[in-house]
Structure formats: structure tokens, C-alpha cells
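Dear colleague,

Please find the structure below, together with its sequence. I would be grateful if you would read the notes that follow alongside it.

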Amino acid sequence: MTRISSYFAIALLLPVTAFATSYKPSELGNTTNPSFSKAKKIMQTEIYISPQDMKTIYCGADFNNKKYVTLPSGFTTEVYKKRVKRWEAEHVVPAENFGRAFSEWRDGAAVCVDSKGKAFKGRKCAEKANNEYRLMQSDLYNLYPAIGAVNAARQNYNYVMLPKTNSKNYRSFGSCDMIIDKKDHDAQPPERARGVIARTYMYFEAVYPKYKMSRQQRQLMNSWDKQYPVSKWECERAAKIEKIQGNINPILASRCS
């Protein structure tokens, strides 16, 4: 039996709901790598290594093994122009969205004091003080290559379907159909990314007790999951990550069977 087929054979015995109820969520998430910098290196050297895989999530831009991006024809950006040459690791579920569940992010911690004796909080403190946060931040299932400028513009904005009537508030990227609502701080991803995004959000909620989607967000992700079915590439990527990180993605185990 091949690695990919053995990875998804479990889905023939257990539906996705069984994963969510038969196992403790903490046993399903990342428990092996608490280093975000190591996760990014793994992306570069072990996951995105063949030409057909080496494309950014939103814009489908090609990149090489040095992380240098070839911008798609017609791509433009008015912001973060210094960050267009290389891909960056995009948290599909933004770090802040789950980070605020940790007291270290919200309030700081005793160990979060800099060399001048000044206390700090936020992401820097959560990274320093809480291993559970570090594991969530480094989960490979949630990390995708993105053009740096697009990653920066998206920030921690929620994904939505934007009304065309408010287009004066929108930031776009030319031929790349990623749209940012500058006023309401929302993002509408291209169709090519919506199914991947949906199943990543669903995975994160399934395996991490600290993360919960809003009802409206869950409805959108369920809709995108159905509208944009899983691809062969998505299943192959999940198989690679399972081998490296050690945990099965219960959402994709169900879809990829």
C-alpha cells in the first residue's frame, strides 16, 4: 500500500465526525514541532519541492527552491512592494485569531520582560511563554506560501464574500483576484484558494480546543468546502505533512478517500 493510500485508508473506517469525537483534540494537532522558523524551513525543503507544487496559495505565482517568486503576468500592488520578490509563510488561520485565546497574548506573563525591564505581551510573549501556542503557530497544515505583499496586506483579516458596491474601499492585485477591504478589514480570496482555506479552518477547529469559528464564518467555510472540492494536490500535500508532523488531518482524511 502506498504512503498516500495508507494515510487515507483510515477514512474508510472513520468519518470526519468520528475523528472529532473519538479522540482528544490535542492528540490530533501538531505535537512535534514548536518552532515556526523550522516549519518554514520544512515548507521550503520537504513540502514545496516539485515544480507543480511550487505555487503560491492566492495568486498561483511560481517560485523556486530559493523562495524567489515569479510574479504572474498582470500582478500589481500599491503596497508592500519590497515584499513581492519572495514567498512568505501565510497562516491561513491567522496567528492572532487563535493567539488571543492565550492569556500570554492578551495580558503578558512573568517571563515576558525585555532587557530593559519592560513587560511585553502579544505574539512575542505567547511565543516565549506558551508551548501550546508555539505548536499551533507552527502547524504545517495551516501554512501556505504567499507572495509577501499579499500576505502583508491580508494581515489577520477574516475571509468573506465582499459586496461589489463598496469597491472604493478595496485593495486589489491586478490579475490576482485577491481583494482586501481596507475599511472593514476583510479579505476575499480567489476561487482557486477557497476550498483549501475552508478545509484549513475546519481542520484547525477540529483539532485545537482553543480555536472556534463564529457561526457566520463556519457557514461560509462549509459552503466553500462543498463548492470547491478537494484536489489531488491537496491530498498529496496532507500526506507529506502527516509523515513529517505525525498527525492526520481528519478533514482531509475524510475528503481524500
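Predicted model: local features only at pLDDT ≥ 70, side-chain atom pairs only at ≥ 80, totals over all residues.

Residues are numbered from 1 along each chain as its sequence is written, and side-chain values use heavy atoms, with hydrogens and water left out.

Helices (H or I, at least four residues) and strands (E, at least two) are DSSP runs, numbered from the N terminus. The axes of helix H4 (residues 36-47) and helix H12 (residues 232-245) come within 12 Å and cross at roughly 120°; axes are lines fitted to C-alpha atoms, for helices over the stretch in contact, and angles run from 0 to 180 degrees between N-to-C directions. Contact (heavy atoms within 4.5 Å) is made by Ile42, Glu46 and Ile47 of H4 with Arg237, Lys240, Ile241 and Ile244 of H12.

Buried residues (under 20% relative accessible area, 1.4 Å probe, protein chains only) of H4 are Phe36, Ala39, Ile42, Met43, Gln44 and Ile47. They pack against strand S3 (87-91), helix H7 (123-129), helix H8 (131-137), strand S4 (143-147) and H12.

An open sheet of four strands has mixed pairing and the order S5-S8-S7-S6, where pairing requires at least two DSSP bridges between two strands. Its edge strands, each pairing on one side only, are S5 (158-159) and S6 (170-173). S5 pairs with S8 (residues 186-188) in the parallel sense over two bridges, and Tyr159 stands opposite Ala187 in S8.

With kind regards

Methods:
Buried < 20%, exposed > 50% of the residue type's maximum accessible area, 1.4 Å probe, protein only.
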